[in-house]
Amino acid sequence: MASSERPTTKIVVSVVSTLIGAAVIYFASSWWSPVQKALSWVFLATWHFLVSTRSIPGWLLLIFCLATLVCLFQFIAAARRPTGPNWRQYTQDLFFDIMWRWSYFGGEIQRPVPFCRHCDIQLVPQLDTEYGPWGRREVTHFICDHCHRTRIKLDEPLEHIENKVIRQVHRKLRNNEWIKSIPNSTNDA
Ligand SMILES: [Zn+2]
């Protein structure tokens, strides 16, 4: 059976709906008169409220109430309105020809993770040491083992590269360049 509803439940629902329907039809005929009375009462009460004399006139109170309601609705509308891209959406960017992704924790950028810019597979940085006239230095290789199109060697240890990426992200956040780096950004929406 496609539905998980049991037959007894369906029968109970049908019986209850029928009873409610019958009750509605029975009472509907006697509804109009009390509703009419209630409406006239509300109208008269409103009229008395508006014209009665007190320290603040009723019509002024009504204007205050309406103004408050308008302000309240405007406040709610402003709170619900989408306000363009948020900086927390900026979680990826291309630095050193490598796609970096990161997350935020308490406003701080977490350790950025490198991805191949061509096939989007996560790269595993390979640390190496090179010797030359300059002496010994640490280098980091970023090699894509999926599409093999990314083969980048940066002459720095990984933590220096990550530090550079984080500082670039900070820079773009400060000068609002990050907005251009958001995928499918609809800035002028
Ligand atoms: Zn690749």
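Trainee: Why is aspartate 97 called exposed?

Mentor: A residue is exposed if 12 or fewer other C-beta atoms, placed from the backbone, lie within 10 Å of its own, buried if there are 20 or more, and partly exposed in between. Aspartate 97 has 10 C-beta neighbours inside 10 Å, so this residue counts as exposed. Please note that this is a predicted model, in which local features need pLDDT of at least 70 and side-chain atom pairs count only at pLDDT 80 or more, while totals for chains, interfaces and linings use all residues. Residues are numbered from 1 along each chain as its sequence is written.

Trainee: Where is aspartate 97 found?

Mentor: Aspartate 97 is in the loop between strand E1 (92–95) and E2; strands (E, at least two residues) and helices (H or I, at least four) are DSSP runs, numbered from the N terminus. Its phi is near 65 degrees, a positive value in a residue other than glycine.

Trainee: What makes histidine 148 count as exposed?

Mentor: Histidine 148 has 11 C-beta neighbours inside 10 Å, and therefore counts as exposed. This histidine lies in the loop between strand E7 (135–143) and strand E8 (151–154), and its phi is positive, about 65 degrees, although it is not a glycine.

Trainee: How do you know that the length of helix H3 agrees with its number of residues?

Mentor: The expected span is 1.5 Å times one less than the number of residues. For the 23 residues of H3 (residues 58–80) this gives 33 Å, and the end C-alpha atoms are 33 Å apart, so the two agree.

Trainee: What makes H3 hardly covered?

Mentor: The count of buried residues among the 23 residues of H3 is zero.

Trainee: Why are H2 and H3 called roughly perpendicular?

Mentor: Axes are lines fitted to C-alpha atoms, for helices over the stretch in contact, and angles run from 0 to 180 degrees between N-to-C directions. Angles of 65 to 115 degrees count as roughly perpendicular, under 35 as roughly parallel, over 145 as roughly antiparallel, and the rest as oblique. The axes of helix H2 (residues 32–51) and H3 cross at roughly 105 degrees and come within 5 Å; H2 and H3 are therefore roughly perpendicular.

Trainee: Which residues of H2 and H3 meet?

Mentor: Phe49, Leu50 and Val51 in H2 meet Gly58, Trp59 and Leu62 in H3, where contact requires C-beta atoms, placed from the backbone, within 7 Å.

Conventions:
Contact = placed C-beta atoms within 7 Å.
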